[in-house]
Amino acid sequence: MRKYIVLTDSACDLPPEMAQGHRIDILCFKLALDGVGYTERVDFTPEEFSEMLRGTDGIPTTAQITPFEFLEKFEQYDREGMEEVLYISINATGSSTNSNAHNAAQQFREEHPDSRMRIEIVDSHSYSVTYGIEVVKAAQMLEAGDSLDEVAAYLNDRFARLELVLTAYTLKVIRRSGRVSAAAAIAGDLLGIRPIFTLIDGVSQVVKKVRGDKQVVSAVVSHCKNHMMPGTPYYIGVTNHKYESEYAAALEKSIGYPPEKIFHLGSAVCSNTGPEAVGVLFEGEKRAR
């Protein structure tokens, strides 16, 4: 039997139960908060991380996965007799992790010229479940006998279609991270202004600002309705489970069918949006690259 492994990183927000049984390995990001170092998925769950953010005035900082960590993985896989390694990475323009994987792959080839193990690296151009769900699909395709080239082509096509729309119910983390001015963020919080922004091909863009929490759901739903390919599945990501039912009901009423799954957003998203955020992943029109 062909021996392969699908590797990804913890920013994919893939629940452990979905990774199990599919030959999926996950490298975990490290981060620091209030002077304490943590490893995602090891030292806290996504729910616990959201609670940590609610209880602190600090801003989390994340560290890239190093070339050494990737090289260790590649050498481990080679010892285990793997023939193919598929790494699906966090957005390359937002993290050096992708380039570190490429550098490690090159070093592996130089140091192990006799190894016949193939390493394929695919940039998701995104974060969170936007590529998490595709990691599972890639593993399923390999299980079904599709070639590594076929799976890579599928992934590149999918990542040119998927979109993520997000909103944040508090601007505290966004303000302290410097993404908007402190004055603007404070005014926004006082006035109840909530940003609606997209994350497409690794680029975030504010597409609308609404005033009052009651307007947020309808604005997010309207954006999905206007940009989503009809009949395709969609997914909801939350940092607080209290938002689940309201968004699921509103989206189902507007689109005509329920979400495929509801995820909890992990530290990669929360570190930028804060602990009160909601995102919806859906398929839009294919973008040229």
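Let's start with strand β9, residues 193-200. Of its 8 residues, 6 are buried, so β9 is largely enclosed by the rest of the structure. Keep in mind that this is a predicted model.

Who are the partners of β9? On one hand there is strand β8, residues 162-168, which pairs with β9 in the antiparallel sense over 4 bridges. Take Leu166: its bridge partner in β9 is Phe197. On the other hand there is strand β10, residues 203-211. Here 8 bridges join β9 to β10, and the two run antiparallel. Phe197 turns up again, standing opposite Val206 in β10. β9 and β10 form a hairpin with 2 residues between the strands, and Asp201 takes a positive phi near 50° there.

Strands of a sheet pair through backbone hydrogen bonds, either parallel or antiparallel. We have just seen antiparallel pairs. Now a parallel case.

Please look at the open sheet of 4 strands. Its order is β2-β1-β6-β7, and the pairing is parallel. Which strands stand at the edges? They are β2, 24-27, and β7, 118-123; each has a single partner strand, so one side of each is left without a neighbour in the sheet. From one strand to the next, the twist averages 20°. Look at strand β6, residues 84-89: β6 and β7 pair in the parallel sense over 6 bridges. Ser89 stands opposite Asp123 in β7.

A helix packs on this sheet. It is α4, residues 97-111, and it touches β1, β6 and β7. The direction of α4 makes about 165° with that of β7.

Helix α4 also has a helix partner, α3, residues 67-79. Their axes come within 8 Å and cross at roughly 50°. α3 and α4 are therefore oblique to each other. The crossing is right-handed. From α3, the contact residues are Pro67, Phe70, Leu71, Phe74, Glu75 and Asp78. They meet Thr97, Asn100, Ala101, Ala104, Ala105, Gln107, Phe108 and Glu111 in α4. By class, that contact has 8 nonpolar, 3 polar and 3 charged residues.

Back to strands for a moment. There is also an open sheet of 3 strands, in the order β4-β3-β5, with antiparallel pairing. The edge strands are β4, 36-39, and β5, 61-63, and each pairs on one side only. Neighbouring strands here are turned by 25° against each other on average, direction ignored. Strand β3, residues 30-33, is joined to β5 by 3 bridges.

At what angle do their axes cross? Roughly 155°, and the axes come within 10 Å. That makes α5 roughly antiparallel to α6, because angles over 145 degrees count that way. The crossing is right-handed. On the α5 side, the contact is made by Thr130, Tyr131, Glu134, Lys137, Ala138, Met141 and Leu142. On the α6 side, we have Leu148, Glu150, Val151, Tyr154, Leu155, Arg158 and Phe159. The residues of this contact divide into 9 nonpolar, 1 polar and 4 charged.

Next, α9, residues 213-227, and α10, residues 244-255. They pack at an angle of about 40°, with their axes 10 Å apart. α9 and α10 are therefore oblique to each other. α9 passes α10 in a right-handed crossing. Val216, Val217, Val220, Val221, Cys224 and Lys225 of α9 do the touching on one side.

Last stop, a single glycine. Gly284 lies in the segment after β13, 277-283. Buried or exposed? Gly284 counts as buried, because its relative accessibility is 1%. Leaving out residues up to four places away in sequence, Gly284 touches Arg161, Glu163, His227 and Met229. Pro230 is 54 residues from Gly284 in sequence, yet their C-alpha atoms are 9.0 Å apart in space.

That's the tour. Over to you.

Terms used
Residues are numbered from 1 along each chain as its sequence is written. This is a predicted model: local features need pLDDT of at least 70, side-chain atom pairs count only at pLDDT 80 or more; totals for chains, interfaces and linings use all residues. Side-chain values use heavy atoms; hydrogens and water are left out. Axes are lines fitted to C-alpha atoms, for helices over the stretch in contact, and angles run from 0 to 180 degrees between N-to-C directions. Angles under 35 degrees count as roughly parallel, over 145 as roughly antiparallel, 65 to 115 as roughly perpendicular and the rest as oblique. A crossing is left-handed if the near helix is turned anticlockwise from the far one by less than a right angle, and right-handed if clockwise. Contact means heavy atoms within 4.5 Å. Two strands pair if DSSP finds at least two bridges between them. Buried means under 20% relative accessible area, exposed over 50%, partly exposed in between (1.4 Å probe, protein chains only). Ala, Val, Leu, Ile, Met, Phe, Trp, Tyr, Cys and Pro count as nonpolar, Asp, Glu, Lys and Arg as charged, and the others, Gly among them, as polar.
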